[in-house]
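Trainee: Could we go through a structure together? I would like to learn how to read its features.

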Amino acid sequence: EAQQWGRVLMSLRIGLDRYPRDLTARLKLAQLFVAYRVRAKAQETLVEGLKYGWPGRSFLQSAIEIGAAGEDFEMVLVICDRALALHNPAQHSAADRRWLVEQRVRALLAEKRNDEALAFAERESGSVADATMSELRLLALLQASRREEAVAFAEAWAARSNNDVQALRLL
């Protein structure tokens, strides 16, 4: 069985050497690396896929799922940062950018980098739907044990959103 996995791994690597833009092969190879707990190679394989330009939402979503499934949120952050740098508003969906921003904040929160998550969320609050970013900002405040600020933020959010159900639920 080990020989069979070795052959599969070698075939995928050879295929990527020939066709480095093959994002499906890249995802499969990264999944194998994660299964074998070779995080650095999984990250390298996925990030290399971003060398060739904007890879599209489906690749990014799969790559982020691979990182999150292995609880490798540092990998998720690297992928988000590279993809955000590649995002061109004239060519790519604003929804994809908003989704990447949200994924980056969630990864920062998972890494317990609360202040960084809060700062990024505040910086990006104009580019992402208010309810989504407000929820993430509130979660960052709560996770950082800044309870008084969190309550004040939630109350202000509820007031400005006309007592939105999401804001009231979190209050």
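Trainee: Is Val-8 buried, exposed or partly exposed, and why?

Mentor: Buried means under 20% relative accessible area, exposed over 50%, and partly exposed in between (1.4 Å probe, protein chains only). Val-8 has 35% relative accessibility, so Val-8 counts as partly exposed. Keep in mind that this is a predicted model, where local features need pLDDT of at least 70, side-chain atom pairs count only at pLDDT 80 or more, and totals for chains, interfaces and linings use all residues. Residues are numbered from 1 along each chain as its sequence is written, and side-chain values use heavy atoms, with hydrogens and water left out.

Trainee: Where is Val-8 found?

Mentor: Val-8 sits in helix α1, residues 2-18 (helices are DSSP runs of H or I, at least four residues, numbered from the N terminus).

Trainee: Which residues make the nonpolar surface patch?

Mentor: Trp-5, Val-8, Tyr-36 and Val-38 make this patch of about 350 Å².

Trainee: Is His-87 buried or exposed?

Mentor: His-87, in the loop between α5 and α6, is buried because its relative accessible area is 10%. A polar atom of the His-87 side chain lies 2.8 Å from the backbone oxygen of Ser-93.

Trainee: And what is the relative accessible area of Asn-88?

Mentor: Asn-88 lies in the loop between α5 (73-86) and α6 (94-110), and with a value of 29% Asn-88 is partly exposed.

Notes. Patch = residues over 30% accessible without salt bridge, like charges linked within 9 Å, V, L, I, M, F, W, Y side chains within 5 Å. Areas by Shrake-Rupley, 256 points an atom, 1.4 Å probe, with all protein chains shown as cover. Salt bridge = Lys/Arg side-chain N within 4 Å of Asp/Glu carboxyl O. Helix = DSSP H or I, 4+ residues; strand = E, 2+ residues; numbered from the N terminus. Polar contact = N/O pair within 3.5 Å; in protein donor to acceptor, adjacent residues only side chain to side chain.
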